[in-house]
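Please keep the model open as you read.

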Amino acid sequence: MSSSESSVEELELELLLEALYRRHGLDFRGYAMASLRRRVWRRVQLDGLATITALTDRLLHHPDVLERLLADLSINVTEMFRDPGFHRALREKVLPLLRTYPFVRVWNAGCSTGEEAYSMAIALQEAGLLDRSRIYATDMNEGALARARTGTVPLASMQSYTENYQRAGGTRGFSEYYEVQGDMAVFDPALTRNIVFAQHNLATDRSFNEFHVIVCRNVMIYFGRDLQRRVHQLFLDSLVPLGLLGLGRKETIQPPELAASYEPLESAEKLYRRRS
Amino acid sequence: MIDLVAIGASWGGLRAISTVLRALPSTFAAAVVVVQHRAATDSMLAPLLDRAGALPVRDADDKDPLRAGEVLVAPADYHLLVDGDAVALSVDAPVRFSRPSIDVLFETAAQARGDRVVAVVLTGSNADGAAGLMTVRRHGGIALVQEPADAERPEMPSAALRACPGAQVRPLAAIGPELVRICGPTA
């Protein structure tokens, strides 16, 4: 492929994103292009098309492709207690700081199918805080949220989740939290009762509450720098003074002037505390 | 001007990558990005490679800028992508059972940098990197493959050569010096 073909392809990608935005109000224009391009090409190939423009044509004239493309472009990789070190630090460093609050609001931004929200509910439960906590778990993708609301995860995942739970400092038998129905593990409703799953798009929506904890892990790696800045501003505006922010293992707060609003609580696990 | 070196390795890669890095001077004029297949929990790779030669080596953070004479390694359990003048990470599904994937690194490097890339396939016992190497070639970049007979595991270099017969082949000891010849030290 020559460089002029490359720039044609870049134009095609921009036009697809423009069509998604103007036709459907879904704004992916601020996403990091390298991974977005791979995801778009995957849909082009799965639909038996030859170019991104062909996909744009289909998107404009055959709306059924929208749902598939949206599923492709959403960040849908998640697991319970992913990076046990993070969840151990959450349990040991963050939860003790929350005891003084009469009511605790947690925002799990980009929750996908809910595994991280369930993980946090378990940690809050074991710290005796769940009854006075509410976890707002948001995602842009309604399909993922619909699955999250079922309070179930595939049974096949439970062995690795159990290992993660133990390495994250879990104090009980993990199996106390769910019962098996067919090939799914169904979580105890007492655990999911205080989780609110709601649609929210980090690229376009505003702050909707004030939180004591915000956890957003491996979501912003898919965003370009400008969009990352927007979302970090949104998080800063949504945290109470001394509120806590948890990011993915390889993420940093950008730009530096926003990072200056935080102090590290546990830098190795990317846990930060908003300055007062 | 070639200003990005992308290296992929699997089985036996620690020794092979160390050998390559040992040959690069602190004035090396290109940025270096590395995918070494590794366990999801491993955190020792970058510190070990950092000791190999003159160039500083670290696990990439998301959006780290690409800078001449600096080596960024794909963190365990993340894909490493080249995006403009920086790297990006993703936790997308493994590609051919691998995360990080050498193909993902090579393809995005080719897309972002076109003919300013040299991609290197070292030892390994699978076929990762072969498709990506072809993409690098199609975009006008240089493909460099470790001589299979010289590799600790020959399968990965062999697969790369089958996919990309025009690639240059070198024994391990000659790869670092070849990169210096291609990219040069800064003036």
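What pLDDT does chain B average, and what share of the residues score at least 70?

1. Confidence. This is a predicted model. Chain B averages a pLDDT of 96, and 99% of the residues score at least 70. For the complex, the predictor gives an ipTM of 0.92 and a pTM of 0.94. Where pLDDT is low, the predicted coordinates should not be read in detail.

2. Overall build of chain A. Chain A has 11 helices and 10 strands. The C-alpha trace of chain A spans about 60 × 50 × 30 Å along its principal axes. Buried residues are 42% of the 276 in chain A. Look at the contacts in chain A with a separation of 6 or more: 77% of them join residues 24 or more positions apart.

3. Two domains in chain A. Domain 1 of chain A covers 3–73, and domain 2 covers 84–274. Their centres, taken over C-alpha atoms, are 30 Å apart. Seven residues from domain 1 and nine residues from domain 2 make the contact. On the domain 1 side, four of the residues are nonpolar, two are polar and one is charged.

4. Asp83(A) sits in the loop between helix H4 (65–73) and helix H5 (84–98) of chain A. Asp83(A) is not a glycine, yet its phi is positive, at about 55 degrees. Is Asp83(A) buried or exposed? It counts as buried, because it has 21 C-beta neighbours inside 10 Å and the cut-off for buried is 20 or more.

5. Where the chains meet. In chain A, 17 residues are in contact with 21 residues of chain B. Helix H1 (3–24) and helix H2 (33–46) of chain A each supply at least two residues of this side. H2(A) gives the largest share, four residues. By class, the chain A side has seven nonpolar, six polar and four charged residues.

6. A buried strand residue. Val153(A) belongs to strand S3 (residues 152–154) of chain A. It has 23 other C-beta atoms within 10 Å, so Val153(A) is buried. Leaving aside neighbours within four places in sequence, Val153(A) is in contact with Glu115(A) and Ala185(A). Now try Met140(A): this residue is 13 residues from Val153(A) in sequence and 20 Å away in space, C-alpha to C-alpha.

7. A loop glycine. Gly169(A) lies in the loop between helix H8 (158–167) and strand S4 (178–181) of chain A. Gly169(A) counts as partly exposed because it has 17 C-beta neighbours inside 10 Å. Which residues does Gly169(A) contact, leaving aside its neighbours within four places in sequence? They are Arg88(A), Arg91(A) and Glu92(A). Arg91(A) is 78 residues from Gly169(A) along the chain, but their C-alpha atoms are separated by 7.7 Å.

8. Overall build of chain B. Chain B contains six helices and nine strands. Of the 187 residues in chain B, 58% are buried.

9. One side of a helix. In helix H1 (residues 13–22) of chain B, the buried residues are Gly13(B), Ala16(B), Ile17(B), Val20(B) and Leu21(B). They cover an arc of only 130 degrees around the axis, so they are on the same side of H1(B). These buried residues pack against several elements of chain B, including strand S1 (4–9), strand S2 (31–36) and helix H6 (172–183).

10. Backbone points to check. A cis peptide bond links Gln254(A) and Pro255(A), with omega about -5 degrees. Pro255(A) is in the loop between strand S8 (239–247) and helix H11 (256–259) of chain A. In chain B, a cis peptide bond joins Arg99(B) and Pro100(B), with omega about 10 degrees. Pro100(B) is in the loop between strand S6 (86–90) and helix H3 (102–113) of chain B. Arg96(B) also lies in the loop between S6 and H3 of chain B. Its phi is positive, near 45 degrees, and Arg96(B) is not a glycine.

Terms used. Residues are numbered from 1 along each chain as its sequence is written. Chains are lettered from A and ligands numbered from 1 in the order in which they are written. This is a predicted model: local features need pLDDT of at least 70, side-chain atom pairs count only at pLDDT 80 or more; totals for chains, interfaces and linings use all residues. Domain bounds come from an automatic or database domain assignment. Two residues are in contact if their C-beta atoms, placed from the backbone, lie within 7 Å. Ala, Val, Leu, Ile, Met, Phe, Trp, Tyr, Cys and Pro count as nonpolar, Asp, Glu, Lys and Arg as charged, and the others, Gly among them, as polar. A residue is buried if 20 or more other C-beta atoms lie within 10 Å of its own, exposed if 12 or fewer, and partly exposed in between; C-beta atoms are placed from the backbone. pLDDT is the predictor's confidence in each residue, from 0 to 100. The arc is that of the directions from the helix axis to the C-beta atoms.
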